[in-house]
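Me: I'd like to learn how to read the features of a protein model. Could you walk me through this one?

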Amino acid sequence: MTSPYAGLTRPALRAIRYESDQLQRLQEFRAAHPDVIIGTGEFGTWQARIPEDNGETVTTRYTLKAVLDKLDSLLDAATSGEPSGRGG
């Protein structure tokens, strides 16, 4: 099993200490969706990029939990064929 810290940059490691309970969730998400890129953004945020046929969707949130929650809702909507309510 790989370390849950694998692939995290130094800013991400600083941010993650406040959300250590989300590390396992991040690792599981990355294993299930290797095409989705998750990392730290500007101003202490977390960002994720979902590649799509016609471009990409980028979402930014202030916590890792919030970005993972948003990704779950976006990807669940995409697989169910529902409008995703994208925009963030």
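Reply: Happy to! Let's begin with pairing: two strands pair if DSSP finds at least two bridges between them. In this predicted model, 3 strands form an open sheet in the order E1-E2-E3, with antiparallel pairing. Strand E1 (37-40) and strand E3 (55-61) are the edge strands, each pairing on one side only. From one strand to the next, the twist averages 20 degrees.

Me: How many bridges join strand E2 to E3?

Reply: There are 7 bridges between strand E2 (residues 46-52) and E3, and the two run antiparallel. Within this pairing, Trp46 stands opposite Arg61 in E3. Helix H3 (residues 64-80) packs on the sheet and touches E1, E2 and E3. The direction of H3 makes about 20 degrees with that of E2.

Me: Where do these elements sit along the chain?

Reply: Reading from the N terminus, the order is α-α-β-β-β-α, which gives 3 helices and 3 strands.

Me: Now a single residue, please. Is Gln22 buried or exposed?

Reply: The idea is to compare relative accessible area with a cut-off: buried means under 20%. Gln22 has 8% relative accessibility, so Gln22 counts as buried. Its place is in the loop between helix H1 (10-16) and helix H2 (23-32).

Me: What does Gln22 touch?

Reply: Leaving aside residues up to four places away in sequence, Gln22 touches Leu64, Lys65 and Leu68. The Gln22 side chain also makes a polar contact with the side chain of Arg25, at 3.1 Å.

Me: And for the whole protein, what share of residues is buried?

Reply: Of the 88 residues, 28% are buried.

Terms used:
Residues numbered from 1 in each chain as written. Predicted model: local features only at pLDDT ≥ 70, side-chain atom pairs only at ≥ 80, totals over all residues. Heavy atoms only, no water. Helix = DSSP H or I, 4+ residues; strand = E, 2+ residues; numbered from the N terminus. Buried < 20%, exposed > 50% of the residue type's maximum accessible area, 1.4 Å probe, protein only. Polar contact = N/O pair within 3.5 Å; in protein donor to acceptor, adjacent residues only side chain to side chain. Contact = heavy atoms within 4.5 Å. Axes fitted to C-alpha atoms, helices over the stretch in contact; angles between N-to-C directions.
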